[in-house]
Amino acid sequence: MTVALAVPDILVARAQAGDEAALEALFRAFETPVYNLARRMLRNVEDAEDVLQETFLEVVKSIRTYRGEGYLWGWVRRIAATKALMRIRREQLRATEPLDEEPGKHGMHVGANIDLERAFEQLSDTSRSVVWLHDVEGYTHEEISELMGKSVSFSKSQLARAHARLRRTLGEGEGAST
Amino acid sequence: MMHCTMDDLLALRAGEASVWARRHAEECATCRAELDALYQRVAQLKALPALHPPRDRWAIVRQTVRTERNRRRRTWGGWGLAAAAALAGALLVPGLGSNGKLQAELSMAKNQSATLQDQVDGYDVDGRVLTGRMAAKLAELEDRIAVIDSDLERRGTLKPQAQDAELQLWKQRVDLMRQLVNVRISTARYVGL
């Protein structure tokens with residue numbers, strides 16, 4: 001999902017002044033893209049909802065620090081991505097999530113005829129986040145590594161492993177890139 | 001025959017591939033097909049439908065906005081009382097000029113604002129059923145006060161200058177607070193408090 005939301009400056013100014021109607025207008029404009037981003041990065045619906053809520057609490061708290069550099073959506077998206085990644089890190093500390101899960105988990109067979117969306121869901125939270133942020137949201141590996149507190153090569157290797165896994169899960173090609 | 005790895009394919013897509021990978025991809029139909037599949041996969045990911053939140057979370061966010069606004073208003077009110085007390089003491093000192101008069105007016109406006117804030121808090125009917133007209137009026141007044149508070153807070157971070165302008169803001173705030181108290185009283189009567 002690509003978002004190109006233009007928000008009028010006057011709406012931002014009103015939100016910065018604490019105008020509740022303007023803040024709600026921003027919430028309505030961004031709630032779906034924020035939730036979609038969080039839900040693509042996180043496996044759990046409730047976690048994604050919590051990220052949506054946390055993101056807008058942060059937006060309300062910090063909107064006055066937004067100086068209009070770049071699109072507002074870029075600013076909001078960065079907050080949302082950071083919140084989602086913080087949640088992933090917390091989960092990893094709690095459950096020691098593997099960096100990459102083996103296909104075949106969750107009752108799925110390698111090469112089964114499943115669609116991309118389901119294959120994507122089978123990836124680990126970390127891999128899914130890297131794929132989504134890089135391939136869909138357009139973040140660079142440098143930006144992802146900064147958000148994740150990891151190296152650029154970590155981001156690159158996660159992306160390569162995730163695509164190799166998607167390719168195998170979807171049963172594409174047999175010759176190359178194994 | 002050695003083929004491109006996924007790292008090579010991703011590097012090709014990013015325009016950062018090695019010379020070997022670029023040459024190989026030109027010659028190898030299998031790797032070109034893999035590269036096409038990669039492009040298609042990413043295009044399909046971008047085309048996935050948007051997922052919508054199952055529940056509306058605005059009510060929770062709005063409640064936080066209101067709580068924060070009330071906290072800030074109380075902070076300003078409390079600060080106004082303290083300033084009023086200090087300045088009232090200062091006015092007892094003879095020989096104060098026009099600046100002293102301005103300060104006195106400023107402290108009076110802050111004092112009035114704080115007193116009105118206490119009255120508003122005494123008629124807090126949040127969560128009660130309101131008529132649409134009353135709810136809209138309350139929201140409008142609170143929004144206008146929030147705008148003034150925002151201006152005053154910004155001034156607080158700068159050097160104290162243009163106190164005339166600051167006095168005008170405080171007077172506007174007092175006027176709006178009076179209106180807010182009137183609406184609150186009407187609302188309290190309406191819901192039988």
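Biologist: How much area do chain B and chain A bury between them?

Modeller: The structure is a predicted model. The contact draws 50 residues from chain A and 43 residues from chain B. Of the area buried, 61% lies on carbon and sulfur atoms. The total that chain B and chain A bury is about 3,900 Å².

Biologist: How many salt bridges does the rule find across the interface of chain B and chain A?

Modeller: A pair qualifies when a side-chain nitrogen of Lys or Arg lies within 4 Å of a carboxyl oxygen of Asp or Glu. A:Asp50 and B:Arg57 form one such bridge, their closest N and O atoms being 3.3 Å apart. Across the interface, the rule finds 7 salt bridges.

Biologist: Which helix gives the most to the side of chain B that touches chain A?

Modeller: Helices H1 (6-14), H3 (29-46), H4 (58-91) and H6 (132-157) of chain B each supply at least two residues to that side. The residues there divide into 21 nonpolar, 7 polar and 15 charged. With 10 residues, the helix that gives the most is H3(B).

Biologist: Which element of chain A has the lowest mean pLDDT?

Modeller: Chain A averages a pLDDT of 84, and 82% of the residues score at least 70. Over residues 101-113 of chain A, however, pLDDT stays under 50, and the model has 20 contacts beyond four places in sequence for them. Among the elements of chain A, helix H6 (residues 125-136) has the highest mean, 96, whereas the lowest, 42, belongs to strand S1 (residues 103-106).

Methods. Residues numbered from 1 in each chain as written. Chains lettered and ligands numbered in written order. Predicted model: local features only at pLDDT ≥ 70, side-chain atom pairs only at ≥ 80, totals over all residues. Heavy atoms only, no water. Contact = heavy atoms within 4.5 Å. Buried area = accessible area lost by both parts, 1.4 Å probe. Helix = DSSP H or I, 4+ residues; strand = E, 2+ residues; numbered from the N terminus. Nonpolar A, V, L, I, M, F, W, Y, C, P; charged D, E, K, R; others polar. pLDDT = per-residue confidence, 0-100.
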